Amino acid sequence: MLERLNEAMEHIEQHLDQRIEVPELARIATTSEYHFRRLFSALAGLPLSEYIRRRRLTVAGAEVLSGERALLEIAVRYGYGSGEAFARAFRAMHGVGPGDARRTGAALHSQPRMSFRLIIEGSSTMRYRIVEKEEFRVAGRKARVPLVHAGVNPAIAEFIRSLDQKDIRRIAALSDQDPDGIVSVTDDLDAARAEGTELDYYHGVVTSTPAPEDLDTLIVPAGIWAVFEDSGPFPQSLQYLWRDVYTQWFPSNPYRSRPGPEILRTRLSEDGARADAALWIPVEPAH
């Protein structure tokens, strides 16, 4: 898998001055576009589109300093429709406009070319199981919140604090299957998974019964799920778990992620410092 991913990275390098189609990158990596985007962002630590933008502006910066091409020619070469749009993007990355950079020979920022390799340390194992589930519902309360990669998500924390405990007990009573009890469900994420992009967050239960009309409901089609179990400091351990699923488990197993909600069942310790958790990721066979 990683060898194919690196072939896709080479394709990006060879086509920085052309239109780069994500479906073509996914084809080279022999996976789905959905999984390619998710895997890349987990491995690289930034969205695919942002990496391509930075690589283009890195190469464009070298051409600006060389002085061999006109600035407008460079702008068009790397996909900008006008000199003004190119100047704004160039300044956002390098801290200086292209004209000033050429006149003064300014020091510019660089996005290094990426390649990936898998390091097997053998010091820990991931506890997981594969589950096939029939269609089910998520029923509870929903909020649209920004994505936060590290630490507690303030918007989610505030949303949960705002919920009426009597209402939560009513929702909890609807739980009738695994994962049981109150769960956190994220859905409708931006494909890039960039920090600050919005997602649907459900605080509710997994159930097979129709929910009361006053609750928010998400219908989840039948499918295969990979379930990962974890115990550790909260919330760091859970965020590391999500990272490890994409950077270690997927490259080593014959599955890929598929569109669908991610479900997290968390049981906090009395002081809230640790959590036992089960993370449900929708998957499908890689081939």
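1. At what angle do helix H4 and helix H6 pack, and how far apart are their axes? The model discussed here is predicted. In it, helix H4 (residues 48–66) packs against helix H6 (residues 83–94) at an angle of about 100°, and the axes of H4 and H6 are 10 Å apart. Since angles of 65 to 115 degrees count as roughly perpendicular, H4 and H6 are therefore described as roughly perpendicular to each other.

2. Which residues form the contact between H4 and H6? On the H4 side they are Arg53, Arg54, Leu57, Thr58, Ala60, Gly61 and Val64. On the H6 side they are Phe86, Ala89, Phe90, Met93 and His94. By residue class, the contact of H4 with H6 comprises 7 nonpolar, 3 polar and 2 charged residues.

3. Arg53, listed above in the contact with H6, also has a salt-bridge partner: its side chain meets that of Glu50, with an N to O distance of 2.8 Å. Glu50 and Arg53 are 3 residues apart in helix H4, so about one helical turn separates them.

4. The structure holds 27 salt bridges. One of them joins the side chains of Glu13 and Arg55, at 2.7 Å from N to O. Glu13 belongs to helix H1 (residues 2–14) and Arg55 to helix H4, so this pair ties together parts that are 42 residues apart in sequence. Are Glu13 and Arg55 buried or exposed? Both residues are buried.

5. A further salt bridge pairs Arg129 with Glu229, whose closest N and O atoms are 3.8 Å apart. This pair links distant parts of the chain, 100 residues apart: Arg129 is in strand E1 (residues 127–133), and Glu229 is in strand E6 (residues 223–233). Arg129 counts as partly exposed, at 32% relative accessibility. Glu229 also counts as partly exposed, at 34% relative accessibility.

Methods: Residues are numbered from 1 along each chain as its sequence is written. This is a predicted model: local features need pLDDT of at least 70, side-chain atom pairs count only at pLDDT 80 or more; totals for chains, interfaces and linings use all residues. Side-chain values use heavy atoms; hydrogens and water are left out. Axes are lines fitted to C-alpha atoms, for helices over the stretch in contact, and angles run from 0 to 180 degrees between N-to-C directions. Helices (H or I, at least four residues) and strands (E, at least two) are DSSP runs, numbered from the N terminus. Angles under 35 degrees count as roughly parallel, over 145 as roughly antiparallel, 65 to 115 as roughly perpendicular and the rest as oblique. Contact means heavy atoms within 4.5 Å. Ala, Val, Leu, Ile, Met, Phe, Trp, Tyr, Cys and Pro count as nonpolar, Asp, Glu, Lys and Arg as charged, and the others, Gly among them, as polar. A salt bridge is a side-chain nitrogen of Lys or Arg within 4 Å of a carboxyl oxygen of Asp or Glu. Buried means under 20% relative accessible area, exposed over 50%, partly exposed in between (1.4 Å probe, protein chains only).
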